[in-house]
Amino acid sequence: MEISVIASGSNGNCCLVEDRGVSVLIDAGKSSSEIESRMRALGKSVGDVGGIVITHAHSDHISGAGVLSRRFGIPVHMTKEVYSEARLGRFESRIFSGEFKVGSLSVKPVATSHNVSSCGFVVGKFGYFTDTGIVTEQMKKAIPGLSAIL
């Protein structure tokens with residue numbers, strides 16, 4: 001598994017997770033062109049991304065998701081609560097309520113604590129938990145089985 005932090009901070013969050021030929025973006029909180037540029041600098045292509053998974057509907061996590069979805073035909077996975085809060089225009093959405101797959105990668109949502117509906121994700125042995133006020137019970141259960149956490 002390869003993990004590349006494309007952006008992290010209050011001005012944008014985006015993380016690329018690649019495993020066995022499948023690529024997933026966790027959050028897309030930069031412009032589409034900025035995400036493309038940063039991925040290109042890493043020798044990666046947005047065209048290879050099989051899905052975008054969204055933690056929550058704040059702009060620093062979703063601002064590029066709609067454009068990336070439209071330009072590259074990438075489905076955007078989110079909870080129904082995040083879908084109702086997100087203002088992304090037209091895009092290919094996939095609503096999840098539990099574990100789901102992007103290609104052959106299993107993606108497990110894990111409850112986080114934030115001021116809006118939110119979750120983190122476990123992909124393989126990687127945990128992505130951002131903007132969480134506390135370590136939730138679901139996080140406590142997931143963390144011992146992980147090799148890396150962001």
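Guide: Gladly! The accessible surface of the protein comes to about 7,100 Å², and 48% of that belongs to carbon and sulfur atoms. Such areas come from the Shrake-Rupley method with a 1.4 Å probe, and for residues only the protein chains shown count as cover. Please keep in mind that this is a predicted model, where local features need pLDDT of at least 70 and side-chain atom pairs count only at pLDDT 80 or more, while totals for chains, interfaces and linings use all residues. Residues are numbered from 1 along each chain as its sequence is written, and side-chain values use heavy atoms, with hydrogens and water left out.

Visitor: How many helices and strands are there in the protein?

Guide: The protein has five helices and eleven strands. Helices (H or I, at least four residues) and strands (E, at least two) are DSSP runs, numbered from the N terminus.

Visitor: Why is Ser 4 called buried?

Guide: Buried means under 20% relative accessible area, exposed means over 50%, and partly exposed is in between (1.4 Å probe, protein chains only). Ser 4 has a relative accessible area of 9%, so it is buried. This residue is found in strand 1 (residues 2-7). Of the 150 residues of the protein, 50% count as buried.

Visitor: Which residues is Ser 4 in contact with, leaving aside its neighbours within four places in sequence?

Guide: They are Cys 14, Cys 15, Leu 16, Leu 42 and Lys 44, where contact means heavy atoms within 4.5 Å.

Visitor: What makes Lys 44 and Glu 18 a salt bridge?

Guide: A salt bridge is a side-chain nitrogen of Lys or Arg within 4 Å of a carboxyl oxygen of Asp or Glu. For Lys 44 and Glu 18 the N to O distance is 3.0 Å, within that 4 Å limit. The pair links distant parts of the chain, 26 residues apart: Lys 44 is in the loop between helix 1 (32-41) and strand 4 (49-53), and Glu 18 is in strand 2 (residues 14-19).

Visitor: Are Lys 44 and Glu 18 buried or exposed?

Guide: Lys 44 has a relative accessible area of 18%, so it is buried. Glu 18 is at 17%, so it counts as buried too.

Visitor: How many salt bridges does the structure hold?

Guide: The structure holds six. One of them joins Arg 71 and Glu 36, at 2.4 Å from N to O. That pair also links distant parts of the chain, with Arg 71 in helix 3 (residues 65-72) and Glu 36 in helix 1, 35 residues apart. Arg 71 has a relative accessible area of 51%, so it is exposed, whereas Glu 36, with 13%, is buried. Salt bridges that share partners also join Glu 2, Glu 18 and Lys 44 into one network.

Visitor: What is the phi of Asp 131?

Guide: Phi of Asp 131 is near 50°, a positive value in a residue other than glycine. Most residues other than glycine have a negative phi. Asp 131 is in the loop between strand 10 (126-128) and helix 5 (137-142). With a relative accessible area of 31%, Asp 131 is partly exposed.

Visitor: Where does Asp 27 lie, and why does it count as buried?

Guide: Asp 27 lies in the loop between strand 3 (22-26) and helix 1. Its relative accessibility is 0%, so it counts as buried. Asp 27 has a positive phi of about 65° although it is not a glycine.
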